[in-house]
Amino acid sequence: MPATTPRGTRRGSPQLRLRIGFVVIAMVLSVFGARLVQLQGIDPNSYAEMAAAEGLVEVDLPATRGQIMDRNGEPLADSIDGMMVVADPRLTDDDAADLAAFLYRKLGVDYVSTLAKLRAHQTEQGVEARFEYIARRVPATIATEVVEEADSKGYQGLDTRRDPLRDYPAGDVAANLVGFMGTDEPLAGLERTFDKELSGVDGSTRYEVGSGNRLPLGESTITEPVDGKDLRTTLDTKLQWYAQRVIRETVENARAESGFAIVMDSRTGELLAVADDPTYDPNEPTASAKADLGSRALQDVYEPGSVQKVLTASSLLDLGLVTPRTKIVVPSDLPRDGRVIHDWFTHGTIRLTLTGAIAQSSNIGTVLAADRFKDGQLFRYLRQFGLGKPTRIGVRGETKGLLPRLSEWTSQLEDRIDFGQSLSVNGVQMAAAVNTIANGGVRVSPSLIKGSATSDDGRPVGTDHATHTRVVSEQAAKQTALMMERVVDPDVGVAPGAAVPGYRVAGKTGTAQRVGEECGCYDGTFTVSFAGFAPADDPRFTIYVVVQNPRNGGGGGSVAGPAFAKIMSYALRRYGVPPTGTQPSRLPVEW
Amino acid sequence: MQVRSRIPRLAGAAVERARLTVVPRRRRAAGRAPFLALVTMVLLGGVVGLLLFNTSMQQASFATTGLEQQATRLAARQQSLEMELDRLRNPQRIAAAAKRLGMVQACSPAFLRLGTGEVSGVPCAGGGPDSPSLRINPLPPSKPAILNPPPNVVTVDPPASAGENSQADTGRGNPDRDARDGRKKNNR
């Protein structure tokens, strides 16, 4: 009977239906599974990026570059928010002339070249130009104002981008040491030596935006930037400026090639000023010759000349071989091993004390006194004075000077070294050596960085790492200072122009022949210098002035001496150092 | 059977009353409307609340963006002003300004002790012959001879009758007056 046919036969057995159903579900799920593996397992990042591109922005958070400051915290180099103004020539083409005039008025850019950039044109590759720099490194406030004003006037196609700005507010003051920044990286000076410390670490942030506003509850991550550390130098901006102006005037008046002046705190070895001339403006470094961008006070070698006699005499005194009153018979010239040593002034046979040999700067007198050295003694003293070794104060490309090795020393060489020939130094080296006398016979290593800083090659430098080494006894240093006082005496010395009225000044002139670069021989030009300190019986400042190749025929006393006096007078006044009021040196110069 | 036998036998009628029977289902009197209204209210309230909350968050986000921009602008302004200040402190600028005001450099330092009235150092008057002078600007670069020829001076004898007719009222023609004017300018 059809009525009794079971319903199950028409729909199939339930087990079979269930199985088929499960199989279908399993197939669908495995497709999903495969897709999941494809999306998440094989290449998840590209999809994440595609998702991120929809409204997710990533912004760099640039670290602020540290300042370079003088000893009082006045900035020598400073970072501020800068912007570049850029243009899309396709959009600016319509108002190019008006816009160029507007930008010329507001930003001081060149009208003609700006107009060319604003006109629609093709790039060198032959495609339509859509991007032109109009002005770079403009302070952010100015850039934003200009672009906003342009917008409100209806000019289109101007925009701003971030463009950090390094400013040197003091201009050429200490420029030769501070250095400067190129478009992206530091190119010279402390900026480059301490770049790692100064630059810091950039951060970044990611967040979702909708029509320019951050979406709340959207993705948001931030890596905070680490700002660069400030670098504090031992320089004194005002003194540095004064020294720079004095050395420039000196160089100009003497029609010299170049010059530098170093001011050192006698007790701490801190460099208060290292003035170079010619110098440059770090805000416009390309306007100056490349040779002027470094620091000649540290990077040039030259023969110190008679200033070296100070070191020779103090070493002799330390060994107890002479006294300031040691009597020397100085002949008109001194033949030595086939070569004749002369003095700078013609004289017959004269009778000088050691003091007289220093005050009159007699080569022959010094050589005769230095004959008392045993082999190698002078060499060891000069090493201790710091010659032949770089000062490592944190300036790039410093020369270590040239002190012949002991094995190369002959009696003839030693004679010449006695009065400052046949060895070369850099300025700071020599200033530190003379400062040893000022500091009672203890050499303080010079420093340019206050505290401590690590240069990019991993060397810590600064006042925290200054070392003190005794080179000569206090007695020897004191006697040397007394002898040096006679140099500026108007009656017996050669450099009365270096005197500071009312103060006891000790000093020594130097006039050395220069070695020409091409021939490697003395080329007839001179290095004139003056090194000294004041007050002589309680020194506060050691100043070393060097002028290369003066063409007015001047020597150390007449060219460098007055510059020394000017800078010393300013330093004493600026730091309020009163005269000591003691009796000046009366050591006899003749017998 | 043992168990059943223990149950006390109750009266037949009582057993009949106690037997479970299906009672007619009671229809609820309450209508659907209040419940629906409640659910709608909750739903609407939720949606509107969420909307308002979201809007306020968005509002706050606008405010944040605005304030952040303002902070950036102000920070940039501060930096620009600091830069201006630092440039004003440039010793070269100060020296030039001082010179314009007629200031002179001090000569060698001297000290006056207030207790004893004793003077140490050698005092001298500023601007006097002993006072140092310092050029604060570089000399102009010297031109090569071809760009800097010696001045070509031509001496012309004035014609004998010239100057007779030119009167002082023309001013310009009077050499004495020119010289006077020049002096006046210099004095100022």
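Predicted model: local features only at pLDDT ≥ 70, side-chain atom pairs only at ≥ 80, totals over all residues.
Two residues are taken to be in contact when their C-beta atoms, placed from the backbone, lie within 7 Å.

The helices themselves, α13 spanning residues 308-318 of chain A and α15 spanning residues 363-370 of chain A, pack at an angle of about 30° with their axes 10 Å apart; because angles under 35 degrees count as roughly parallel, α13(A) is roughly parallel to α15(A). The crossing of α13(A) and α15(A) is left-handed.

Turning to the annotation, an unreviewed UniProt entry lists residues 259-568 of chain A as "domain: Penicillin-binding protein transpeptidase". Over residues 259-568 the chain is 26% helix and 22% strand, and the C-alpha atoms at the ends of this stretch are 17 Å apart.

The contact between the two chains draws 35 residues from chain A and 33 residues from chain B. On the side of chain A that touches chain B, the elements giving two or more residues are β3 (75-80), α7 (140-152), β9 (213-214), α11 (237-253) and α20 (556-574) of chain A, and of these α11(A) gives the most, with eight residues. Sorted by class, that side of chain A holds 16 nonpolar, seven polar and 12 charged residues.

Definitions and conventions. Residues numbered from 1 in each chain as written. Chains lettered and ligands numbered in written order. Axes fitted to C-alpha atoms, helices over the stretch in contact; angles between N-to-C directions. Helix = DSSP H or I, 4+ residues; strand = E, 2+ residues; numbered from the N terminus. Parallel < 35°, antiparallel > 145°, perpendicular 65-115°, else oblique. Left-handed = near helix turned anticlockwise from the far one by under 90°. UniProt positions renumbered as here; feature names shortened; annotations may be inferred. Nonpolar A, V, L, I, M, F, W, Y, C, P; charged D, E, K, R; others polar.
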